[in-house]
Amino acid sequence: MDFEDEYFGTAAQITVSRRARDLWKLVRNDPRFSYNGRIVAVAGDVGDETADKLAVLARLQGSTTCHFLPKEKEEIVQRSVKKQGLATNVWEFCKGGKLAYEMAQDVLTQYQLPSDLSVTTLCESTDPSFVRDFALMVGECGVLVMAGRVMRGVDIPGITLAAVDGSGKVIASAWGYKCYHPQSPFSDHAFWGGLTCHVDRRGQKIALILGALSIVQLWEKLDVRGVCTGIARDNTASFALCEKLNVLKSDQIGLGVSDPKMFQGATLTK
Ligand SMILES: CC(C)(COP(=O)(O)OP(=O)(O)OC[C@H]1O[C@@H](n2cnc3c(N)ncnc32)[C@H](O)[C@@H]1OP(=O)(O)O)[C@@H](O)C(=O)NCCC(=O)NCCS
């Protein structure tokens, strides 16, 4: 199977994912860009051209993000892309290094998943109906999943975890993708997160444990040495959870840039 058509979300989100996958085929050898299965993003500040690169990517795909944008550039880059008729949103760019790995190990020593849950890693042989159920549950939590080929670890190195109950129902998610070019300064980082938990099972440390497991696996299986994630400034639950894994606010942001005709809310995902 080639999973060429495994895209999820609203019609606009699916359009962006399809365009991103094609665009990635053109720019994958350029260390300034990164593809995580949702969009082609700009990986860090690329100098005077940052705003222009973001505007081009947003127009081509419908949406894009700048990862690792220094906070002092937030205003000037936003002003420039808004002048071009585009909409913006800001995520705190939270990061964790060795201490995050160590805290994740501690979490796994301290807590266990409820006994009815088991963990599955998405891969090439995962049944497409399971991937759809996974995407649905994560989507109901307000988070957009990646293209199937990325979640299955086909297009870029990565790990996508699902906690599943005894009846096969997807209960929680966590993931991380080593999506930065080998010559980028972020090459040993994974874009991490995707922490969700079914509304009926919240408050049982399920997302914490799955998040910890994903960090440990990224470190040990994929030689990741740093994780990063964008968190909306009002998502206090997510900040609190990430703090427990020592994934903390940094002096950088993730700047989302979208075509307002496609994304009236200005943001591709939570
Ligand atoms: C955020 C979310 C994943 C938490 O799932 P969960 O399994 O209930 O979380 P856990 O039980 O593992 O909580 C671990 C810690 O996270 C923090 N936390 C979780 N939910 C919280 C809430 N509603 N408010 C404040 N802190 C919260 C707490 O520090 C908690 O530790 P504690 O129980 O000792 O207080 C879940 O609420 C969710 O799916 N939300 C919607 C999706 C989302 O916003 N994901 C983050 C995307 S960036």
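Let's start where helix H4 (residues 98-110) meets helix H7: their axes cross at roughly 125° and come within 8 Å of each other. That angle makes H4 oblique to H7, and H4 passes H7 in a left-handed crossing. Keep in mind that this is a predicted model. On the H4 side, the residues that meet H7 are Lys 98, Ala 100, Tyr 101, Ala 104, Gln 105, Val 107 and Leu 108. Facing them from H7 are Leu 208, Ile 209, Ala 212, Leu 213, Ile 215, Val 216, Trp 219 and Glu 220. Sorted by class, the residues of this contact come out as 12 nonpolar, 1 polar and 2 charged.

Now for another helix pair, H2 and H3. Helix H2 (residues 50-61) packs against helix H3 (residues 74-83) with the axes 9 Å apart and an angle of about 45°. H2 and H3 are therefore oblique to each other, and here H2 passes H3 in a right-handed crossing. H2 brings Thr 50, Ala 51, Leu 54 and Ala 55 to the contact, while H3 brings Val 77, Ser 80 and Val 81. In class terms, that is 5 nonpolar residues, 2 polar ones and no charged ones.

Two of those residues, Leu 54 and Val 77, turn up again if you look at what Leu 255 touches. Setting aside residues up to four places away in sequence, Leu 255 touches Leu 54, Thr 64, Thr 65, Cys 66, Leu 69, Val 77, Gln 78, Thr 88, Asn 89, Val 90 and Trp 91. Leu 255 also has a place in the largest nonpolar core, which has 52 residues. Along with Val 40, Phe 134, Met 151 and Tyr 180, Leu 255 is among the residues with the most contacts inside that core. Which helix gives the most to this core? That would be helix H5 (residues 128-140), with 6 residues. Apart from this core lies another one, of 35 residues, including Leu 161, Leu 195, Cys 197 and Leu 208.

Next, have a look at Val 16, in helix H1 (residues 11-27). Is Val 16 buried or exposed? Val 16 counts as buried because its relative accessibility is 0%. Leaving out neighbours within four places in sequence, Val 16 is in contact with Arg 38, Ile 39, Gln 61, Gly 62, Ser 63, Met 262, Phe 263 and Leu 268. Val 16 and Leu 60 are 44 residues apart in sequence, yet the spacing from C-alpha to C-alpha is 8.8 Å.

Most residues other than glycine have a negative phi. Asp 223 has a positive one, near 55°, and Asn 246 likewise has a positive phi near 55°. Asn 246, for its part, lies in the loop between helix H8 (236-243) and strand S10 (248-258). Why does Asn 246 count as buried? Because its relative accessibility is 18%, and the cut-off for buried is under 20%.

Technical notes
Residues numbered from 1 in each chain as written. Predicted model: local features only at pLDDT ≥ 70, side-chain atom pairs only at ≥ 80, totals over all residues. Heavy atoms only, no water. Helix = DSSP H or I, 4+ residues; strand = E, 2+ residues; numbered from the N terminus. Buried < 20%, exposed > 50% of the residue type's maximum accessible area, 1.4 Å probe, protein only. Contact = heavy atoms within 4.5 Å. Core = buried A, V, L, I, M, F, W, Y, C linked by side-chain atoms within 4.5 Å. Axes fitted to C-alpha atoms, helices over the stretch in contact; angles between N-to-C directions. Parallel < 35°, antiparallel > 145°, perpendicular 65-115°, else oblique. Left-handed = near helix turned anticlockwise from the far one by under 90°. Nonpolar A, V, L, I, M, F, W, Y, C, P; charged D, E, K, R; others polar.
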